[in-house]
Amino acid sequence: MTSLSASPRKKLLAVLEGERFEKPPIWIMRQAGRYLAEYREVRAKAKNFIEFCYSPDLATEVTLQPIRRFGFDAAILFSDILVVPDALGLPVSFVENEGPRLQPLDPALNLSELHGEVDLDRLAPVFQAIRQIKAALPAETTFLGFCGAPWTVASYMIAGKGTPELAPSRLLAYRNPEFLERLINRLVEASIAYLCRQIEAGVDALQIFESFAGALTGDGIGKYSIEPITRIINGVRAKHPHAKFIVFGRGSGGNHVRYAAETGANAIGIDWAVDPKWAAKTLQPLKPVQGNLDPLAVVAGGDALNRQTDHILEALSGGPHIFNLGHGIVPETPVAHVEQLLRRIRG
Ligand code: CP3
């Protein structure tokens, strides 16, 4: 039997295909997070953060919370970029109020600490969560999966934690580029396998987080970021030719153009330091643009929030645009300010 009513359109997917809307679709990086009381309540039930990521019922619940509360145009899978090193054999833990911890890789061991391939069985709870979320999402909501880009993930594996200016991985790139290349290659293969399984479990599109793009030199950005991301996108499309990608190269400045022109991305995520007028002129003719409100404008609220929102809407409304923040929403953000932002955008 065929249905008489056409299924509702997924607005965000349409933008990834180049469509422009008067009112852009919106989602928020880290939209499932500590600024929501209902998130904190679920979070308190999990033994630790990594177990939380591997609990399909809890991950499903927190992925859906911001959709229920705000009706965002996209849901992003609740997980973390560091499940990939974990599934490669490098256990990850999270220290409360500090962040992730891993056993730093020792270049002398030549990657012998890692499995040859990513252990997809370890990641089975993530795929289970995807199936559950997919079944529960409204038909018009785009479902995003994700992974970290190899340079960003490698930087955590090399330093064993977040470091302000990435000195450990930047130094390794000078001292032992062969090792860094081997590690990045391993992460490219792992990411292809992981993202293919996310698509097979039900996500509509994928975001690649290159959170540390801004730490690379002009030479390094091609070798360690743009080329590996391009290989991931091509590798996934070899199996899933219509796979859609948003590439977010945080802090990459003028190199956002290279992500747009060279990687095969369907859209380019821009951070809050990018002038949206520049993005409209330079990036939007190449690819749809996602971004880029300063997360602190949402903390501030009031006129400042309205002004910043209008500035981005005006600059980017002439072409395909997905409204988002320029980085993750911070825990201090009042929920009322997120509501204010949504009213401003949706009218
Ligand atoms: O966006 C979403 O709502 C989906 C879930 C998601 C998380 N992490 C959940 C999370 C996504 C897409 C990520 C990606 C991620 N994780 C990135 C790339 C994006 C970025 O922020 O640049 C990075 C670098 C990480 C690594 C990571 N995870 C760090 C540095 C931290 C600690 C910092 C912090 O904000 O606490 C995490 C923990 C983390 N990942 C939290 C959440 C909701 C907070 C932990 C908690 O609830 O206790």
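Colleague: In which strand is Asn 292 found?
Modeller: In this predicted model, local features need pLDDT of at least 70 and side-chain atom pairs count only at pLDDT 80 or more, while totals for chains, interfaces and linings use all residues. Residues are numbered from 1 along each chain as its sequence is written, and side-chain values use heavy atoms, with hydrogens and water left out. Taking helices (H or I, at least four residues) and strands (E, at least two) as DSSP runs numbered from the N terminus, Asn 292 belongs to the run of residues 289–293, which is strand 8.

Colleague: Is the peptide bond from Gly 291 to Asn 292 cis or trans?
Modeller: Asn 292, the second residue of this bond, is part of strand 8. Omega for the bond from Gly 291 to Asn 292 is near -15 degrees, and the bond is accordingly given as cis.

Colleague: Asn 97 is not a glycine, so what is its phi?
Modeller: Asn 97 lies in the loop between strand 2 (92–95) and strand 3. With a relative accessible area of 77%, Asn 97 is exposed, where exposed means over 50%, buried under 20% and partly exposed in between, for a 1.4 Å probe and protein chains only. Although Asn 97 is not a glycine, its phi is positive, at about 65 degrees.

Colleague: Where is Asn 110, and how far is its C-alpha atom from that of Glu 262?
Modeller: The loop between strand 3 and helix 6 (124–136) holds Asn 110, whose phi is also positive, near 60 degrees. Asn 110 counts as partly exposed because its relative accessibility is 47%. Glu 262 is 152 residues away along the chain, and the C-alpha separation of Asn 110 and Glu 262 is 31 Å.

Colleague: Which side chain makes a polar contact with that of Ser 169?
Modeller: Ser 169 sits in helix 8 (residues 167–175) and, having a relative accessible area of 1%, is buried. A polar contact is a pair of N or O atoms within 3.5 Å; within protein, one must be able to donate a hydrogen and the other to accept it, and residues adjacent in sequence count only if both atoms are side-chain atoms. At 3.0 Å, the side chain of Ser 169 is joined in this way to that of Ser 155.

Colleague: How far apart in space are Ala 213 and Gly 251?
Modeller: Ala 213 is in the loop between strand 5 (205–210) and helix 10 (218–239), and its relative accessible area of 1% makes it buried. Although 38 residues separate Ala 213 from Gly 251 in sequence, their C-alpha to C-alpha distance is 5.8 Å.

Colleague: How much of the ligand's accessible area does the protein cover?
Modeller: Ligand oxygen atoms lie 2.7 Å from a polar backbone atom of Arg 30, 3.1 Å from one of Ala 32 and 2.5 Å from an N or O atom in the side chain of Tyr 39. On its own, the ligand has 860 Å² of accessible area (Shrake-Rupley method, 1.4 Å probe), of which the protein covers 87%.
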